[in-house]
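My entries follow in the order I looked things up.

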Amino acid sequence: MRLSINLFMTLNGVSQAPGGPEEDTRGGFEDGGWLMSVFDEGCGQAVSRWFDQCGALLLGRRTYDIFASHWPQVTDPNDLVARLINTSQKYVVTSSALRDVWADSSTRLGDDFLDEIRRLKSVESQGELQVHGSIQLARTLHQAGLIDVYRFLVAPVTVGPGFGIFSEAGPSLKMHVRHGVVTQNGVFDVEMTPEPFGGRKTVGVEDGKEVVLEVEDPEA
């Protein structure tokens with residue numbers, strides 16, 4: 001089962017509180033709701049495409065609680081995303097008991113959650129194990145080198161300091177872009193898979209002309 005992270009992000013790398021001012025105010029974040037002013041039909045199509053590939057959800061506790069307070073109220077039979085979120089298996093990284101609302105489709109992952117996630121990744125499945133929101137969890141998975149697919153909707157906005165997946169040190173990776181389009185409102189819809197970081201190059205001068213030169217790998 002492939003592990004994917006699926007995040008909304010600003011130009012300056014913040015994924016905190018895209019949906020509303022009160023969604024996540026940790027750290028004094030005051031710019032919540034930054035996504036909705038640019039969210040358009042292309043963004044909706046991207047999110048639907050993400051969920052079309054979902055086999056199970058992997059969530060941090062805060063995102064799980066946000067989802068559990070909203071999505072069970074969405075009962076429109078034509079809302080395929082709501083139906084998927086409400087019915088899919090959900091794995092939640094938390095140290096405390098879960099709500100009753102999704103008791104039959106939620107499993108708590110405790111202190112050994114990284115080992116449990118590795119076990120889930122080893123299961124043969126066409127559907128993905130998908131992280132949505134859950135910034136701290138996404139960052140931990142990135143740092144552990146466990147992510148197989150990175151998906152972002154990058155909004156053409158900048159905000160004040162906030163949480164993001166790349167706001168702390170992580171592995172050096174080269175990203176292979178599998179999909180990339182710009183929506184009508186200028187949101188960059190991108191899907192990438194990680195590859196080993198290498199093939200570094202630099203600019204030099206030969207025979208009076210600028211040329212691109214290979215850089216020797218220090219580990220070679």
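Two strands count as paired if DSSP finds at least two bridges between them. With that in hand, I began with β3 and β4, which pair in the parallel sense over 4 bridges. I note here that the model is predicted.

**Entry: the protein overall**

I counted 5 helices and 10 strands in the protein. The C-alpha trace spans about 70 × 40 × 35 Å along its principal axes. Of the 220 residues, 40% are buried. I then looked at contacts between residues at least 6 apart in sequence. Of these, 65% join residues at least 24 apart.

**Entry: β3 and its neighbours**

I went back to β3 for the details. On its β4 side, V92 has R108 as its bridge partner. On another pairing, β2 and β3 are joined by 4 bridges, again in the parallel sense. There, G60 is bridged to V93 of β3.

Which way do the residues of β3 point? K90 and V92 point one way, Y91 and V93 the other. I checked burial too: all four of these, K90 included, are buried.

**Entry: β1**

Next I took β1. I found 7 of its 8 residues buried, so I wrote the strand down as mostly covered. I5 stands opposite V131 of β5. β1 also pairs with β6, residues 149-155, in the parallel sense, over 7 bridges. In that pairing S4 has V149 as its bridge partner.

**Entry: the largest pocket**

I then looked for open space. Rolling a probe the size of a water molecule over the atoms shows where empty space is left. The largest pocket has a volume of about 920 Å³. I found 39 residues in its lining. F8, E23, T63, F67 and G133 lie nearest the centre. The elements that give two or more residues to this lining are β1 (3-10), α1 (41-52), α2 (61-70), α3 (80-87) and α5 (135-143).

Which element gives the largest share of the lining? It is α2, with 6 residues. I also sorted the lining by residue class. I got 19 nonpolar, 15 polar and 5 charged residues.

**Entry: helix α4**

I looked along α4, residues 113-121, for buried positions. F113, I117 and L120 are buried. Seen down the axis of α4, its buried residues fall within an arc of 60°, so they line one face of the helix. I asked what covers them. The cover includes β1, β2 (54-60), β3 (90-93), β4 (106-109), β5 and α5.

**Entry: G110**

G110 sits in the loop between β4 and α4. Is G110 buried, exposed or partly exposed? Its relative accessibility is 22%, so I logged G110 as partly exposed. I also took a distance from G110 to D100. The two are 10 residues apart along the chain, and their C-alpha atoms are separated by 18 Å.

**Entry: M175**

M175 belongs to strand β7, residues 173-182. At 26% relative accessibility, M175 too counts as partly exposed. I listed its contacts, leaving out residues up to four places away in sequence. M175 touches Y150, M192, T193 and P194. M175 and G133 are 42 residues apart in sequence, and 21 Å apart in space from C-alpha to C-alpha.

**Entry: positive phi**

Last, I went through the backbone angles. Most residues other than glycine have a negative phi. I noted two residues with positive values.

S134 has a phi near 50° and is not a glycine. I placed S134 in the loop between β5 and α5. S134 has a relative accessibility of 6%, so it counts as buried.

D207 has a positive phi of about 55°, and it is not a glycine either. D207 lies in the loop between β9 (201-206) and β10 (209-214). Why does D207 count as exposed? Exposed means over 50% relative accessible area, and D207 is at 80% relative accessibility.

Technical notes: Residues are numbered from 1 along each chain as its sequence is written. This is a predicted model: local features need pLDDT of at least 70, side-chain atom pairs count only at pLDDT 80 or more; totals for chains, interfaces and linings use all residues. Side-chain values use heavy atoms; hydrogens and water are left out. On a 1 Å grid over the protein atoms alone, a cavity is a set of points where a 1.4 Å probe fits but cannot get out, and a pocket is an open set with protein on both sides within 12 Å along at least five of seven lines; lining residues have an atom within 4 Å of a point. Grid points are joined across faces, edges and corners, and a volume is the space filled by probe spheres set on the points. Ala, Val, Leu, Ile, Met, Phe, Trp, Tyr, Cys and Pro count as nonpolar, Asp, Glu, Lys and Arg as charged, and the others, Gly among them, as polar. Buried means under 20% relative accessible area, exposed over 50%, partly exposed in between (1.4 Å probe, protein chains only). The arc is that of the directions from the helix axis to the C-beta atoms. Contact means heavy atoms within 4.5 Å.
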